[in-house]
Amino acid sequence: MKKIFVAALALALIFGMASCSKKTKKAGKTWIVATDTAFRPFEYTNEKNQFVGIDVDLLAAVAEDQGFNYDLQSLGWDGGVAAVQVGQADALIAGATIKQERIDSGWIFSDGYYNATQTFVVAKDSAIEKFEDLKGKNVAVKNGTAGMDFANSLKDKYGFTVTVFEDSPTMYQDVVLGNSDACCEDTPIIASNIKDAKLPLKIPAGMESEGAPYGFAIMNPKNKELLDMFNKGLANIRANGTYQKILDKYLK
């Protein structure tokens with residue numbers, strides 16, 4: 001009981017301190033949607049201290065199309081997942097890869113809204129060019145992500161170790177500082193960070209996964225109404241061109 005109370009208290013503190021973006025359209029239910037804090041270009045804070053990104057704009061466009069209210073809570077990856085699991089948030093949009101392991105553990109995904117590969121990333125001056133070069137080295141990964149799964153699937157074959165971090169910026173910094181020899185991240189995320197944040201990192205050719213789609217997720221079947229609205233809204237904004245405009249805004 002003590003552990004449950006502590007976990008609930010921690011989540012309450014996260015909600016109290018987290019920055020959030022509120023969209024109010026009309027009277028009625030307001031859905032609480034959790035997201036990450038720093039996962040550029042899908043969610044991040046820009047130079048004007050505004051919370052922006054593909055996921056942020058996508059949710060806004062879908063909600064506008066379907067006419068529902070929502071409160072977007074920036075909680076971090078682990079905090080966001082935990083909030084949805086315990087019912088303090090109704091859904092998650094945070095570049096969450098649709099994968100069977102999550103479905104088996106109770107995640108209920110929307111239609112995929114973006115296909116992403118995962119890739120290994122190394123320091124700008126690194127001599128690592130292929131998986132075989134990772135033998136005896138350490139790879140940084142972000143907890144609970146497809147990148148972590150990809151690295152773990154290869155570590156025994158290629159003889160490297162893995163260190164787990166709670167967020168992407170800390171993982172990148174571990175490689176920049178030379179504590180880890182590489183990290184494994186979603187390709188569009190790290191490409192955007194290398195370009196926009198001018199990180200001294202590079203992406204070796206041929207060290208990526210086959211890829212999988214991101215999905216909006218709920219974990220309580222009672223919230224299927226929200227999932228259905230997301231799917232309908234996603235189909236509509238794909239058809240009217242809004243979806244592509246959002247991708248172009250952040251990826252071109």
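User: In which loop is the place of Lys198, and is Lys198 buried or exposed?

Analyst: In this predicted model, Lys198 sits in the loop between α7 and β13, and its phi is positive, about 55°, although the residue is not a glycine. Buried would require under 20% relative accessible area and exposed over 50%. The relative accessibility of Lys198 is 67%, so Lys198 counts as exposed.

User: Which residue other than glycine has a phi near 65°, and in which loop is it found?

Analyst: The residue with this positive phi is Asn49. Its relative accessibility is 65%, and therefore Asn49 counts as exposed. As for its place, Asn49 is found in the loop between β3 and β4 (51–52).

User: Which two residues does a cis peptide bond join?

Analyst: The place to look is the loop between β2 (30–35) and β3 (44–45), where Pro41 lies. The peptide bond there has an omega of about 10° and is cis. The two residues that it joins are Arg40 and Pro41.

User: In the open sheet of five strands, what is the order of the strands, and which are the edge strands?

Analyst: The order is β11-β10-β12-β9-β13, and the pairing is mixed. Within this sheet, β9 (residues 118–123) and β12 (residues 182–186) run antiparallel and are joined by five bridges, with Val122 standing opposite Ala182 in β12. The strands that pair on one side only, and are thus named as the edges, are β11 (161–165) and β13 (201–202).

User: What angle does the direction of helix α6 make with that of β12, and at what angle to β12 does helix α7 run?

Analyst: Helix α6 (residues 168–176) packs on the sheet and touches β9, β10 (138–142), β11, β12 and β13. Helix α7 (residues 187–196), for its part, lies across β9, β12 and β13. The angle with β12 is about 150° for α6 and about 115° for α7.

User: Which residues touch the most other members of the largest nonpolar core, and which helix gives the largest share of it?

Analyst: This core has 47 residues, and those touching the most other members are Phe68, Ile93, Tyr113 and Phe216. Taking Ile93 and not counting residues up to four places away in sequence, its contacts include Val33, Leu58, Leu72 and Phe230. Apart from this core lies another, of 16 residues, including Phe131 and Ala182. The largest share of the 47-residue core, seven residues, comes from helix α2 (residues 54–66).

User: Why do the buried residues of α9 lie on the same side, and which residues on the other side are exposed?

Analyst: In helix α9 (residues 242–251), the buried residues are Tyr243, Ile246, Leu247 and Tyr250. They cover an arc of only 95° around the axis, which means that they are on the same side of α9; in general, an α-helix has 3.6 residues a turn, so residues three or four places apart point the same way. What covers these buried residues includes β3, β4, α2, β8 (114–116) and α8 (224–239). The exposed residues on the other side are Lys245 and Lys249.

Technical notes:
Residues are numbered from 1 along each chain as its sequence is written. This is a predicted model: local features need pLDDT of at least 70, side-chain atom pairs count only at pLDDT 80 or more; totals for chains, interfaces and linings use all residues. Side-chain values use heavy atoms; hydrogens and water are left out. Two strands pair if DSSP finds at least two bridges between them. Helices (H or I, at least four residues) and strands (E, at least two) are DSSP runs, numbered from the N terminus. Contact means heavy atoms within 4.5 Å. Axes are lines fitted to C-alpha atoms, for helices over the stretch in contact, and angles run from 0 to 180 degrees between N-to-C directions. Buried means under 20% relative accessible area, exposed over 50%, partly exposed in between (1.4 Å probe, protein chains only). A nonpolar core is a set of buried Ala, Val, Leu, Ile, Met, Phe, Trp, Tyr and Cys residues joined through side-chain atoms within 4.5 Å. The arc is that of the directions from the helix axis to the C-beta atoms.
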